[in-house]
Amino acid sequence: MTKMQHENLRGKVAVVTGAGGVLCSGFAKTLAEQGVKVAVLDLRLEAAQSVADEINAAGGMAIAVACNVLEQESMEAARAEVNAKLGTCDILLNGAGGNHPKGTTSKDTLEMDDLKNISDDVKTFFDMEAKGIEFVFNLNFLGTLLPTQAFAKDMVGKKDACIINISSMNAYRPLTRIPAYSAAKAAIKNFTEWMSVHFADVGLRVNAIAPGFFSTAQNKALLYNPDGSLSARSEKIISHTPMRRFGTPEDLSGTLLFLCDSTYSGFITGSTINVDGGFLAYSGV
């Protein structure tokens, strides 16, 4: 099948944070296939360089930039490097984020015995550490705010510039065990709406993508048992996904290009588009 060409994107500059990861590296490659010059930003330079090398080997144009999305000075340094090597940003994709064990519980629900029989193997709501919650929230929320503060300076008033944030199904329906991550992704959805209003008069569109459940090399051990069968948690996920499968990174490409290309989405801002196989639409009954 021939891929749709978005000529309106050719020659633009995209900055993708968290681009050393599975989904965001896919975003970077998708944009590069359309002739976009891509700055691959990640905390780990080696991971970013690997993605940039792959893009360049395929005939695209990309640079790797190491930065910390939680440090303003680091983001300003990244902006200066991108501007010098590629030019000012047209497309900012805020993909950096993630969860942390210190912001999770061991069980779906609290049981009375958990409070009576204290065990190191069971972490309840009361055992979660403030620092862990803070890290998860900061990584997702500040990790979107600080890159935007840095790169949007060059984007305001620029023709067809846009920001795309990465939210999650957790923004609508918090998943069990991961309260910090769920709250942070809900904040991203709200922040996307706020920014869309704030930047409307300077021509900067702001939207978000909310992926459902995706199977990647990164989370394979969580989704599948050693024998290849679905884990208990995966069984729940698939049973609540009408399309009866996990997503793949390629499933996000069309939504990404649609939101980036003002030819198709020029009157869309403040929206969060769900790519979830129907998960949000299904009540479970």
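Axes here are lines fitted to C-alpha atoms, for helices over the stretch in contact, and angles run from 0 to 180 degrees between N-to-C directions. Helices (H or I, at least four residues) and strands (E, at least two) are DSSP runs, numbered from the N terminus. The structure is a predicted model, in which local features need pLDDT of at least 70, side-chain atom pairs count only at pLDDT 80 or more, and totals for chains, interfaces and linings use all residues. Residues are numbered from 1 along each chain as its sequence is written, and side-chain values use heavy atoms, with hydrogens and water left out.

**View 1. Helix H1 packs with helix H9 at an angle of about 60°.** Two packed helices are described by the angle between their axes and the distance between the axes. Here H1 covers residues 22-33, and its axis lies 10 Å from that of H9. H1 and H9 are therefore oblique to each other; angles under 35 degrees count as roughly parallel, over 145 as roughly antiparallel, 65 to 115 as roughly perpendicular and the rest as oblique. Their crossing is right-handed. A crossing is left-handed if the near helix is turned anticlockwise from the far one by less than a right angle, and right-handed if clockwise. Which residues of H1 and H9 make the contact? From H1 come Phe-27, Thr-30 and Leu-31, and from H9 come Ser-253, Leu-256, Leu-257 and Cys-260; contact means heavy atoms within 4.5 Å. By class, this contact of H1 with H9 has 5 nonpolar, 2 polar and no charged residues. Ala, Val, Leu, Ile, Met, Phe, Trp, Tyr, Cys and Pro count as nonpolar, Asp, Glu, Lys and Arg as charged, and the others, Gly among them, as polar.

**View 2. Helix H5 packs with helix H6 at an angle of about 20°.** The axes of H5 and H6 are 8 Å apart, and the angle makes H5 roughly parallel to H6. H5 and H6 also cross in a right-handed way. On the H5 side, look for residues including Ile-133, Val-136, Phe-137 and Phe-141; on the H6 side, their partners include Ala-180, Tyr-181, Ile-188 and Phe-191. The contact of H5 with H6 has 13 nonpolar, 3 polar and 1 charged residues by class.

**View 3. Helix H3 meets helix H5.** H3 (residues 72-85) and H5 (residues 130-151) pack at about 40°, with their axes 9 Å apart. H3 and H5 are therefore oblique to each other, and H3 passes H5 in a right-handed crossing. H3 brings Gln-72, Met-75, Glu-76, Ala-78, Arg-79 and Val-82 to the contact, while H5 brings Leu-146, Pro-147, Gln-149, Ala-150 and Phe-151. By class, the contact of H3 with H5 has 7 nonpolar, 2 polar and 2 charged residues.

**View 4. Aromatic rings pair up in this model, with a count of 6 aromatic pairs.** Rings of Phe, Tyr and Trp (its six-membered ring) pair if their centres lie within 6.5 Å; planes under 30 degrees apart count as stacked, over 60 as edge-to-face and the rest as tilted. Phe-213 and Phe-279 form an edge-to-face pair, 5.0 Å centre to centre with 65° between the planes. Phe-213 lies in the loop between strand E6 (205-211) and helix H7 (220-223) and Phe-279 in the segment after strand E7 (272-275), so this pair ties together parts that are 66 residues apart in sequence. Are Phe-213 and Phe-279 buried or exposed? Both are buried, meaning under 20% relative accessible area, with exposed over 50% and partly exposed in between (1.4 Å probe, protein chains only). Elsewhere, Phe-137, Phe-141, Phe-191 and Trp-194 form one aromatic cluster.

**View 5. Asp-42 sits in strand E2 (residues 37-42).** Asp-42 is buried, with a relative accessible area of 6%. Leaving aside neighbours within four places in sequence, the contacts of Asp-42 include Gly-18, Ala-19, Val-65 and Cys-67. The C-alpha atoms of Asp-42 and Ser-25 are separated by 10.0 Å, and these residues are 17 residues apart along the chain.

View 6. Most residues other than glycine have a negative phi. Asp-160 is placed in the loop between H5 and strand E5 (162-166) and counts as buried at 19% relative accessibility. Arg-177 is found in the loop between E5 and helix H6 (179-198), and is partly exposed, with a relative accessible area of 34%.
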